[in-house]
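Hello,

Here is the structure you asked to see. Please open it alongside this message, and read the notes below with it.

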Amino acid sequence: MTRISRKLAVMVLIVLFTTGVIPGKFGAGIGGISAVAAAANIPSQDGIGNSGSIAANEVVGTTFTGYQDWPSGFTKGSADFVGGVYDGKSIWMIPYNANEILKVNPETGEMTGYSHWPAGFTKGSNAFAGGVYDGTNIWLVPYSANQIIKVNATTGVMTGYSNWPGGSRGSEQFIGGAFDGTHIWLTPYSGNRLIKVDITTGAMTSYNSWPSGTSLGSYPFYGSVFDGTSIWLIPNGADRLIKVDPETGEMSGLNNWPSGFTKSADAFRGGVFDGTNIWLIPYNATHLVKINTTTEDMTGYNGWPSGFTKGSGSFAGGVYDGTNIWLVPHSANMLIKVNAATGRMTGFNNWPRDFTKGSNAFMGGVYDGENVWMIPFVADRLMKFGDSSDLSGLRLSSGTLSPTFNAATTSYTASVGSDVTSIHITPTAADAEATMTVNGSAVASGQSTATVLNVGDNAITVQVTAKGGNTKKSYTVTVTRATYASADLSGLTLSEGTLSPAFSGATTSYAASVASVVTSVYVTTTTTDTEATMTVNGSVVASGQATATALNVGDNAITVQVTAKDGNTKKSYAVTVTRATYASADLSGLTLSAGTLSPTFNAATTSYTASVGSDVTSLDVRPTAVDAEATMTVNGSAVASGQATATALNVGDNAITVQVIAKDGNTKKSYTIIVTVTSSNGSSGTDGTSGNDLGSSSTTEPSGPGNPTNPTKPTQPIQPTPTPTQPVFNDKVDLAAVRSIVDRGNTAPDVSFTDVSPSSLSATVIQRSARMGIVSGFENGTFNPSANVTRAEFATMLTRAFGLTSVGSASFADAQGHWAGDAIGTLKDLGILTGYEDGTFRPNQSITRAELVVMLARLTNYVPSPTSPFSDVESNWAADAIGAFAAAGIVLGKAEGKFEPVAPASRAESVAIIVRMLDKLLAHG
């Protein structure tokens with residue numbers, strides 16, 4: 001081409017650029033921007049595809065939307081893409097480390113990968129950095145690749161060119177390029193040659209006649225911009241901006257930097273042309289710098305938005321929408337909008353909730369006429385900013401969406417049972433200003449809409465329209481309603497307690513109550529349809545199978561899930577079984593006004609006999625309850641604890657039944673006494689076959705006074721024998737002293753604390769312990785029931801509760817002079833405390849639940865329980881004591897069948913266990 005014809009071509013390009021009918025250059029250097037003046041149409045930063053121009057619409061939406069529905073066979077790694085281009089239909093992301101070039105549909109976010117590299121070319125790492133669109137093809141700018149690759153935007157067919165000037169590319173690296181209408185210009189990043197590529201032949205020409213005084217530095221340029229007349233090389237390490245005449249290759253340099261600005265290394269990455277000015281995108285530079293292409297004057301802008309701090313590695317590329325410059329964040333935490341007329345800056349960082357904006361996130365931007373697209377370098381997704389016609393959520397009241405909801409996925413299915421006659425669908429728009437319809441009816445974002453379902457397939461369509469009115473997106477859900485199948489139960493029974501209300505297949509919620517002694521319950525469920533399947537609390541069971549469930553004190557939820565044979569129809573039944581807190585239905589005493597109980601009364605023994613003479617026609621029975629709040633009947637008549645009740649007697653056997661009902665109303669216990677009245681002849685009947693011969697007339701002389709006998713020495717009471725459910729006090733405990741302490745608690749005035757409500761579960765035991773003198777509370781009138789108990793505090797409670805004393809002087813090194821030193825010494829002397837291996841007691845350390853039980857157990861003789869109701873004590877050092885005291889009802893567990901042996905004991909727990917132990921063991925011994 002002659003010099004005249006070249007000048008004519010450049011003039012035509014200027015006209016075409018102004019009218020917006022040819023594609024532009026690669027702008028941001030890294031898939032960045034080249035846009036022309038804010039006219040009706042502007043050339044896009046990376047070319048405009050088939051139409052050659054794009055409407056200059058200001059981006060007014062403020063919604064970030066991420067897309068990461070990567071193509072099959074593609075794995076998103078780190079440092080995948082550098083730059084992108086737009087061909088008027090699709091966005092192309094340029095592969096740096098990615099193994100494919102990806103094409104993205106901007107309407108749906110759908111991605112397609114192309115990796116049919118030319119013969120003889122091997123795609124390695126760090127291959128390409130930036131791309132150029134020439135109206136037909138995408139040109140991939142080689143960074144480490146040994147060829148420049150041309151990709152047909154329609155077919156994806158690739159062609160490679162490697163006829164480098166001088167016969168070798170060498171180690172040169174390029175980032176970004178510009179398009180002047182006939183040639184691609186590759187911008188040197190690590191080399192010193194600017195390369196021009198003919199788009200028809202692939203022939204290459206190099207230029208390196210740098211202006212006098214130019215210092216290129218290690219990495220001179222990062223992208224280039226074509227303004228319709230000249231190529232502008234964006235300085236990275238170079239000390240100046242370079243302007244190149246595309247006809248001659250002649251270069252000139254500009255380094256008249258704005259006042260207050262110092263050009264540093266790694267200053268700019270990419271540039272934007274707004275029709276008059278080139279904007280240099282700051283990477284490490286402190287300012288955004290604008291160069292007037294006519295006057296070549298430079299202006300700096302650093303009025304960063306509130307809350308934003310300009311650091312290093314901030315931005316890489318940008319876009320122009322006809323009104324604003326958009327700076328794409330690399331390590332910056334915001335997308336920055338700059339008004340091209342005023343330089344005023346606004347920041348946006350309302351990133352999607354599941355996205356974390358980190359360092360090195362994006363490299364390059366694309367403008368599609370409505371939105372800003374940020375190309376992911378390290379970020380896990382392609383990010384769009386602007387108007388959104390996406391949904392951020394889509395929920396159904398029944399059934400499960402398949403696949404799992406993703407904003408980029410527009411087609412779903414769900415299945416429901418035959419009993420589901422309607423469904424509610426709740427769509428939520430990503431942009432609060434978008435509008436929506438469900439099956440043609442307008443709905444608000446987040447609004448639930450009912451749709452009637454027929455048996456079979458039912459299509460539900462959600463149409464989302466972005467607030468600009470141009471972008472629309474449809475989501476379709478096909479809900480399949482099954483033919484009839486039953487998920488009903490025909491039976492539901494419990495081994496303990498009574499269902500309320502009575503069972504009905506149509507009723508799905510029940511309650512039942514059991515006594516505190518019931519530690520597990522069997523639930524038996526039967527399905528109406530034998531082909532239905534079931535789970536009880538998540539475990540599969542057969543119809544009619546009884547399943548055991550452990551019960552904690554309080555409410556226990558049992559859920560039965562029935563799935564009909566169609567696999568879709570499901571029904572849940574819920575049973576809440578309430579296990580009562582500990583309540584005693586024991587007697588502490590049982591006496592007769594005549595005769596002697598056999599065996600001797602023991603609270604654990606429920607069957608007795610007694611004999612009286614024929615002259616006894618009635619007797620008084622006096623039962624006394626362990627728990628003053630329990631109620632009683634004698635032969636069906638209500639009596640008060642300790643009240644004597646007369647019972648008429650006949651000759652022979654007379655049954656007297658004492659029924660005790662604990663305060664929980666569920667725990668019950670019956671005691672039976674068979675009183676035998678002998679007849680006048682000494683028999684228990686009327687046949688006269690036994691007894692003395694009353695007909696004898698012989699008499700017996702009265703005996704003399706005889707010799708006096710020595711009084712019998714009193715003996716210690718015989719300790720009862722322990723059983724697996726009943727420990728007994730050992731000889732460390734003075735029973736008389738303990739009974740005196742308990743009696744004092746029965747007669748002492750009431751004690752109350754400001755932080756213990758009379759209606760609380762622990763109120764009774766706390767008040768009893770205070771009346772017995774076990775605890776006294778704090779000076780401010782509180783008890784602090786939930787506070788942890790120290791080892792010293794519990795030692796003091798123990799000596800007070802069981803009247804323990806010692807004449808020894810044993811102690812621990814760290815307990816001498818301690819306020820609880822006497823109590824600690826007493827317990828050590830009695831062998832109840834042993835301390836730690838280092839000879840310390842650690843009095844101010846919180847006592848654990850296991851330590852508490854072991855200290856109490858050392859006051860008893862007990863039989864270790866062969867099993868434990870708790871799942872977390874088997875390997876604990878205190879397992880035997882915990883198991884025995886649990887079997888006796890002295891200790892209770894925590895939630896989920898656990899005892900939590902290493903958890904600290906609270907003040908309320910401590911006194912409750914002491915009082916229960918006193919009640920249990922005194923009633924037995």
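Over the ring of which residue does the charged end of Arg849 sit? The ring belongs to Phe899, and the charged end of Arg849 is 4.2 Å from its centre. Please keep in mind that this is a predicted model.

Next, the aromatic pairs. The count of such pairs comes to 43. One of them is formed by Phe405 and Tyr475, with 6.4 Å from centre to centre and 40 degrees between the planes, and this pair is tilted. The two residues are 70 residues apart, so the pair links distant parts of the chain. Phe405 is in the loop between β31 (391-396) and β32 (411-416), while Tyr475 is in strand β38 (residues 472-481). Tyr475 counts as buried because its relative accessibility is 0%, and the cut-off for buried is under 20%.

There is also an aromatic cluster, made up of Phe64, Trp326, Phe348, Trp351, Phe355, Phe362 and Phe385.

Trp326 is worth a look in the viewer. Trp326 is found in strand β25 (residues 324-329). With a relative accessible area of 1%, Trp326 is buried.

Regards

Methods
Residues numbered from 1 in each chain as written. Predicted model: local features only at pLDDT ≥ 70, side-chain atom pairs only at ≥ 80, totals over all residues. Heavy atoms only, no water. Phe/Tyr/Trp six-rings, centres within 6.5 Å; stacked < 30°, edge-to-face > 60°. Helix = DSSP H or I, 4+ residues; strand = E, 2+ residues; numbered from the N terminus. Buried < 20%, exposed > 50% of the residue type's maximum accessible area, 1.4 Å probe, protein only. Lys NZ or Arg CZ within 6 Å of the ring centre and 35° of its normal.
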